[in-house]
Structure formats: C-alpha cells, structure tokens
Amino acid sequence: GNGNGNAPVTFTARQVQDADRQEFRTRAGRVIRDGGGVEPDVVVPGQAVGPLEAALQRNGVFFDFADRFAAERKALPDDLEVATPQLWREFKAYVREEERGGRLRVEDIYGPELRNLEGALAASGYKEADAEVLKVRRLIADAMLEDLDKFEGPLRRRLTEAVLARYLPDSMLIKASLAGDPLLAKAVELVRYKSRYTQLLAPPLSAEERLLVDRLDAQLRGALGG
C-alpha cells in the first residue's frame, strides 16, 4: 500500500546526471552509457512546425480543404506529387476566406498568452484597453497569414498529404511520405557509405585514425559522385 488509502502512487521523473552514469563497452570496444535511454548514433534535426502550420493543423483546415477538393474531383490529378500552383492558390484563398468569415482564428495559437493579457488588464481596471487587445489580435492574424508565402514549401507538402489521403490507401501514403523523409535519407546515406556505418559501431579512433578514415571517406564520396 502507499499509506494514503486510495490515493494513486506518483513518480517524478528526473534526468540522470552525467556523473551518475556508468560506462560499459561492447565486444568491439565501443563505449555505451546507462541512464539515458536509447540514444541515437546519428542525430537528425527535426522539422520545425511554424505557428501558422500548427494553427491550420489544429483547426482542421488541411482536412476540410481536402474534403472539399475530393468532393469536386472524383479522380486524383496526375501531377499531385506536390500541390500544384493552382491548388496552392485555391488553398490560400480558402484560408483567407475562412479567416474573414470568423471560422478560423489563427491567432488563437497564442490564446493562453492573449487571455492572460486580457485578464491582467481587466484585473488592473484597464477595461478601455480591450479595443487595443483586439487590434493586437488583428495584427497577429495578419502577420501569421503572411506566412502562407514565407512557409509555402512545408505548407504545400502538408496540403498534398491531406489531399492524397482522400484517394490513396495507407500503404501508398506511407510510400509517398518516405520520399522526403530526412530520417530515411540519412539511413540510406549511412548504408551507402559503409565506412561511416562501420565507424559508428567501432571504438573511438585516435586522431591519426580519424584523419585516415576521413580521407578514405572523401575518396569514396568522390568515386561515387556523392
């Protein structure tokens, strides 16, 4: 029992300090450490999601537009690997139409911060500042909608995925998504350059050995045209 009747037992997770982690060696002599979970050998930076993309995703805008697109076109266009210029123009017009009609409020991605501001102003007796807060909301929305052009690439990819999902089975969607997957690209690169993959599994190299491996790797890249 936990001594508190039916109270649930809770645990507090904490990060293990480096000084508390033990080192072990594989049969090949490679150093591994405990206490950190599964650590990647190669770190691939994640693809950042901007505020506008997050707001559109949260409000189901890609989903709703794809539904409308599929209702108007029974067959999948041949050139829809990435959203065509015409489709992209239609999507931008749709987003602005939804925003003007009040059905989409992209600035709500900052809702907690805006509500805190409104609450603080009200608590301080600055009721007349409500109009200014509305102006701030409008400025934020306008600035975010400008990101339709600034982040066209990732938004078009997200749009393509949503539209393709209305026509293709899951297996084909997964295959299509792998084309631009940075994790897969890095994995293929490691397989292609086996010296680098072998190096990951080997014990640490001396400075001289590292220099030699780098030279051989550069020569291999040159021979393969990579």
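**Salt bridges, burial and a surface patch**

Arginine 158 and glutamate 53 form a salt bridge, with their closest N and O atoms 2.9 Å apart. The pair links distant parts of the chain, 105 residues apart: arginine 158 lies in helix H6 (residues 152-164) and glutamate 53 in helix H1 (residues 51-58). Helices here are DSSP runs of H or I with at least four residues, numbered from the N terminus.

This is a predicted model, where local features need pLDDT of at least 70 and side-chain atom pairs count only at pLDDT 80 or more, while totals for chains, interfaces and linings use all residues. Residues are numbered from 1 along each chain as its sequence is written, and side-chain values use heavy atoms, with hydrogens and water left out.

Q: What makes the contact of arginine 158 with glutamate 53 a salt bridge?
A: The term asks for a side-chain nitrogen of Lys or Arg within 4 Å of a carboxyl oxygen of Asp or Glu. The closest N and O atoms of this pair are 2.9 Å apart, so the pair qualifies.

Q: How many salt bridges does the structure hold?
A: There are 15 salt bridges in the structure.

Q: Why is glutamate 53 called buried?
A: Buried means under 20% relative accessible area, exposed means over 50%, and partly exposed lies in between (1.4 Å probe, protein chains only). Glutamate 53 has 9%, so it is buried.

Q: Is arginine 137 buried or partly exposed, and why?
A: Arginine 137 has a relative accessible area of 10%, so it is buried. Aspartate 108, at 33%, counts as partly exposed.

Q: Why is leucine 178 called partly exposed?
A: Its relative accessibility is 38%, so the label partly exposed applies. Leucine 178 sits in helix H7. Together with Ile174, Leu184 and Val188, Leu178 forms a nonpolar patch on the surface.

Notes:
Patch = residues over 30% accessible without salt bridge, like charges linked within 9 Å, V, L, I, M, F, W, Y side chains within 5 Å. Areas by Shrake-Rupley, 256 points an atom, 1.4 Å probe, with all protein chains shown as cover. Helix = DSSP H or I, 4+ residues; strand = E, 2+ residues; numbered from the N terminus.
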